[in-house]
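Okay, thanks for having me.

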Amino acid sequence: MTDTRHTRLLIIGSGPAGYTAAVYGARAMLAPILVQGMQPGGQLTITTEVENWPGDTMVMGPELMQRMEAHAREMGSEIVTDHIASLDLSQRPFRAQGDGGTVYTGDAVVLATGAQARWLGLPSEEKFMGMGVSACATCDGFFYRGREVVVIGGGNTAVEEALFLTNFASKVTLVHRRDSLRAEKILQHRLFNNPKIAVIWDHTLEEVLGEGDGPGVGGARLRHVATGETQDLACAGVFVAIGHSPASELVRDQLRMQEGGYVWVEPGTTRTSVPGVFAAGDLTDHVYRQAVTSAGMGCMAALDAEKFLAEQG
Ligand code: FAD
Ligand code: NAP
């Protein structure tokens, strides 16, 4: 027999947006169920120091997310370890099917599924994935003690990954496709002043090279964006940090979308194109994409959901 769980407010995703929605939803006496997904705590669990969460000069990402989870539980939200495989928004209550077979029905739904790392799409990138190619320095940096690594990208993530990797690697080369970074100035300052980091401007990754007969990575072939000239750089690891794409697969055919796969919301609200379905955080935000803005949108989503449910009686 199918295990079915009903709730007034179903929250999908356990990043800052989901947990904040859970805190507010619980305080509105909606007894929310929050489904955590494959990455409990979301993207901040794969980083180290977070220095822009108000109230904490510095807090470790995983610790901050554990605190948010504890807060949501303490307020009365039920936190479920499951992943939603499919979601039906065609009728109320909305119906979500978990990987383990449990069906969750909700009178209102907050979508807070965030974003996932983007890849370049090179065959060699896929070939060496997990064997020298990574999108998470905090997860894999340890394997590169005393070795040389390359980081691809020019945003906050790429710069933070490069800085973090200097804890292990003998040398880090940041490769960026333009001649200036989009990362925050304070991070750029740290990057340029770190003697272990070199920057190669105006280059893209053409191919990840193998290490002779071995199974791992031996180098990176880079291409100059203007001249097309290539150069091979010896390295043991390639970290791809070129941004994230919204995790909107569950709803792509059911909700109005924005360019880039972000869920559309009515400006100034978290209301999606389906009444009773609300979206918050990186899933809908292609501009700010911060922990604090995601948490803010999680708050808005719970308040919008509470108002919707009150209007429904
Ligand atoms: P996410 O944190 O992306 O969480 C999404 C959640 O949805 C996850 O729990 C996942 O398991 C769940 N999920 C996805 N699909 C499903 C499904 N089908 N079923 C159930 N659950 C699902 N921002 C800052 O403000 N400061 C920083 O210092 C900072 N550092 C960062 C460092 C790195 C390396 C990265 C990658 C990002 C960083 N960011 C930082 C950005 C910040 O992490 C994000 O803006 C924020 O986490 C977005 O929160 P979110 O709640 O929208 O989603
Ligand atoms: P991002 O800001 O979108 O930057 C992606 C970088 O990758 C850009 O420099 C981009 O180049 C480059 N890039 C994209 N596609 C590429 C390709 N195909 N080939 C080569 N390079 C490519 O992504 P992010 O750095 O992951 O940051 C995402 C969000 O999280 C941002 O809002 C960021 O502020 C936030 N974040 C915040 C912190 C913090 O506050 N400390 C830390 C990490 C992330 P161009 O510059 O040429 O476009």
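Predicted model: local features only at pLDDT ≥ 70, side-chain atom pairs only at ≥ 80, totals over all residues.

Residues are numbered from 1 along each chain as its sequence is written, chains are lettered from A and ligands numbered from 1 in the order in which they are written, and side-chain values use heavy atoms, with hydrogens and water left out.

So, ligand 1. Its shell holds 33 residues, and the closest are S14, Q36, Q39, Q43 and A291; a residue gets in if one of its heavy atoms lies within 4 Å of the molecule. Which side chain puts a polar atom 2.8 Å from an oxygen atom of ligand 1? That's Q43. Then there's I84, where a polar backbone atom sits 2.9 Å from a nitrogen atom of the ligand. Q290 comes in with a polar side-chain atom at 3.2 Å from a ligand 1 oxygen. On its own, ligand 1 has 1000 Å² of accessible area, and the protein covers 93% of that (Shrake-Rupley, 1.4 Å probe). Helix 1 (16-27), helix 5 (156-165) and helix 7 (291-312) are the elements giving two or more residues to this shell; helices here are DSSP runs of H or I with at least four residues, and strands are runs of E with at least two. By class, the shell has 12 nonpolar, 18 polar and three charged residues. For the classes, Ala, Val, Leu, Ile, Met, Phe, Trp, Tyr, Cys and Pro count as nonpolar, Asp, Glu, Lys and Arg as charged, and the others, Gly among them, as polar.

Now helix 1 itself. It's 12 residues, spanning 17 Å from first C-alpha to last, close to the 16 Å expected at 1.5 Å a residue (that's 1.5 Å times one less than the number of residues). Why call helix 1 largely enclosed by the rest of the structure? Because 10 of its 12 residues are buried, meaning under 20% relative accessible area with a 1.4 Å probe, protein chains only. The cover over those buried residues includes strand 1 (4-12), helix 2 (61-75), strand 8 (103-111) and helix 7, with contact meaning heavy atoms within 4.5 Å. And just after helix 1, M29 has a positive phi of about 65 degrees.

On to ligand 2. There are 21 residues around it, with N52, T157, R178, R182 and Q290 coming nearest. N52 has a polar side-chain atom 2.7 Å from a ligand 2 oxygen. For T157, a side-chain N or O atom is 2.7 Å from an oxygen of the ligand.

Is helix 5 mostly covered or mostly open? Mostly covered, with seven of 10 residues buried, among them E161 and F164.

Methods: Polar contact = N/O pair within 3.5 Å; in protein donor to acceptor, adjacent residues only side chain to side chain. Buried < 20%, exposed > 50% of the residue type's maximum accessible area, 1.4 Å probe, protein only.
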